[in-house]
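Dear colleague,

Please find below the structure that I am handing over to you, with its sequence.

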Protein chains: 2
Amino acid sequence: MTPPSATAATASPAALAGDQHPTERLLQTAKTLFCREGIHATGIDRIIAQSGVARMTLYNRFGSKEGLLYAVLEREGEEWRAWFFAAVDAAGDAPAARLRAVFPVLRSWFEREDYFGCAFINAVAEHDKSETRLRELTLQHKGAVLGYFGGLARAAGMAAAPAEALAHQIGLLMDGAIVAAMVTRQPEMADHAAKAAAAILDAALPA
Amino acid sequence: MTPPSATAATASPAALAGDQHPTERLLQTAKTLFCREGIHATGIDRIIAQSGVARMTLYNRFGSKEGLLYAVLEREGEEWRAWFFAAVDAAGDAPAARLRAVFPVLRSWFEREDYFGCAFINAVAEHDKSETRLRELTLQHKGAVLGYFGGLARAAGMAAAPAEALAHQIGLLMDGAIVAAMVTRQPEMADHAAKAAAAILDAALPA
DNA sequence: TTTGGTGTAGACAGACCGGTCCATTCGCGC
DNA sequence: GCGCGAATGGACCGGTCTGTCTACACCAAA
């Protein structure tokens, strides 16, 4: 997912290989490579070479490439949500204003040159569809986001059931914008989504 | 993408390995395996074993695994669009009625047990994001679908620009539903999308 | 009957995969 | 300075990957 440098400061890729903890460098490097080039296409050798960490350190910390992937996703989910919620909340105190800020915030994500789609969606897409673990991790992440949307909707005066329905609709729009922006490389996909969201919100929220 | 057996008749997997042209069996088998288990995770050996075709036949016909993938996507796009447009058009003569039929039709796709998401999206997701060929193929496919939506919107009385905007919004909702249904395995995602689309259409179309 | 195109069966090559093992070095608290 | 856990660097393993090559079977047209 690659949120706008939630870890801040250490932006330079050069600095990345030098001063951080091995675990951190592994997670960071793996996240980047997994997202940009795909998980299966990224070999262990690439990860350890680019992170400047010994092979055994990876296996001691994460057990396997799969374990590393899970750790990357867990971390990425936390960081992304922290960034996203904060950015949306910064749009104002009114819940309705925050709901309307969702897609402008997403656009700022799409505009990053290191935007390569949602790590969770991409991971599910390239694995066996009967794999449950990955889908569970993804559902957990998406569930947290939907919960956040639902909370905003209720805070805006909606009842529980319609608030949940609205959260689902915004969530669908968000997933659509994420994959459309990945494929087209056009951040403006967020604007189309924002217009759609506006129509939905206008119909759902008391004026 | 796996549309509901556009090639009809030859549904049985057993029949698949027996009576068809080698080229056909390769395309069919590769499509299924690529979608269900991922492209990188599907080896040539699996494809030739399951299709009952000689290894050299694959390389004579398609040149490489990559060539096979492109052929699969091209074919899949054509078949899927043919099925989808026909199914939506069957909902009625009125353009508005057809637009509102989009997500019920998608739901019938999500309900298939061999639904594993959109082959194009999945392919882009698991390859290097600087790969242009795959993204172009995907854009071509999505462009055809957006064009279809835009045509319906104009036929429903909308001007060119707003019709195109509406097409984008429906398209985003569609992509979102496709990935959400892939991750959750819940066809009801289409219902949420349908509600969102209804709000958009109600606001856009003249009553 | 011959010939040529198409497909088959499987051995094979070379690269690369994830993962293991081990000897060595580093860094830090004592 | 000492000792010990953590990290390193690299050799190495078995397996699998894509792609090539050869020898052979079939079948229709000349």
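A residue is called buried if 20 or more other C-beta atoms lie within 10 Å of its own, exposed if 12 or fewer do, and partly exposed in between. With 15 C-beta neighbours inside 10 Å, B:Arg185 therefore counts as partly exposed. Please bear in mind throughout that this is a predicted model.

**Arg185 in both chains**

B:Arg185 lies in the loop between α9 and α10 of chain B. Although B:Arg185 is not a glycine, its phi is positive, at about 60°. In chain A, the loop between α9 (160-184) and α10 (189-204) holds A:Arg185. A:Arg185 is not a glycine either, and has a positive phi of about 60°. A:Arg185 has 15 C-beta neighbours inside 10 Å and so counts as partly exposed.

**Relation of the two chains**

How is chain B laid on chain A? A turn of 180° with a shift of 0.0 Å along the axis does this, with an RMSD of 0.1 Å. The two copies are thus related as by a two-fold rotation axis. The C-alpha of chain B nearest that axis belongs to B:Gly176 and lies 1.8 Å from it.

**The contact between chains A and B**

Chain A and chain B each give 41 residues to the contact. On the side of chain B that touches chain A, two or more residues come from each of α2 (22-37), α7 (119-125), α8 (132-155), α9 (160-184) and α10 (189-204) of chain B. The largest share of that side, 14 residues, is given by α9(B). By residue type, this side of chain B comprises 21 nonpolar, 11 polar and nine charged residues. Of the interface residues of chain B, 100% are also interface residues in chain A, so the copies meet through the same surface.

**The nonpolar core**

In soluble globular proteins, nonpolar side chains tend to be buried together. In this model, the largest nonpolar core has 128 residues. Those touching the most other members are A:Leu173, A:Ala177, A:Ala193, B:Leu173, B:Ala177 and B:Ala193. α9(B) gives the most to this core, with 15 residues. What does B:Ala193 contact, leaving aside its neighbours within four places in sequence? The residues in contact with B:Ala193 are A:Leu172, B:Phe103, B:Leu173, B:Gly176 and B:Ala177.

α9(A) has 25 residues, and the distance from its first C-alpha to its last is 36 Å, close to the 36 Å expected at 1.5 Å a residue. α9(A) is mostly covered, with 19 of its 25 residues buried. A:Arg185, with its positive phi near 60°, follows α9(A).

The 25 residues of α5(A) should likewise span 36 Å at 1.5 Å a residue, which agrees with the 36 Å between its end C-alpha atoms. The buried residues in α5(A) are A:Leu68, A:Leu69, A:Val72, A:Leu73, A:Glu76, A:Gly77, A:Trp80, A:Phe84 and A:Val88. Their cover includes α2 (22-37), α4, α6, α7 (119-125) and α8 (132-155) of chain A.

A:Asp93 is located in the loop between α5 and α6 (95-110) of chain A. With 7 C-beta neighbours inside 10 Å, A:Asp93 counts as exposed. A:Asp93 and A:Leu68 are 25 residues apart along the chain, and their C-alpha atoms are separated by 38 Å.

The most is given by α4(A), with four residues. Seven nonpolar, four polar and five charged residues form the surface near DNA strand D.

With kind regards

Terms used. Residues are numbered from 1 along each chain as its sequence is written. Chains are lettered from A and ligands numbered from 1 in the order in which they are written. This is a predicted model: local features need pLDDT of at least 70, side-chain atom pairs count only at pLDDT 80 or more; totals for chains, interfaces and linings use all residues. Two residues are in contact if their C-beta atoms, placed from the backbone, lie within 7 Å. Ala, Val, Leu, Ile, Met, Phe, Trp, Tyr, Cys and Pro count as nonpolar, Asp, Glu, Lys and Arg as charged, and the others, Gly among them, as polar. Copies are superposed by least squares on the C-alpha atoms of residues with pLDDT of at least 70 in both. A nonpolar core is a set of buried Ala, Val, Leu, Ile, Met, Phe, Trp, Tyr and Cys residues joined through C-beta atoms within 7 Å. The expected span of a helix is 1.5 Å times one less than its number of residues.
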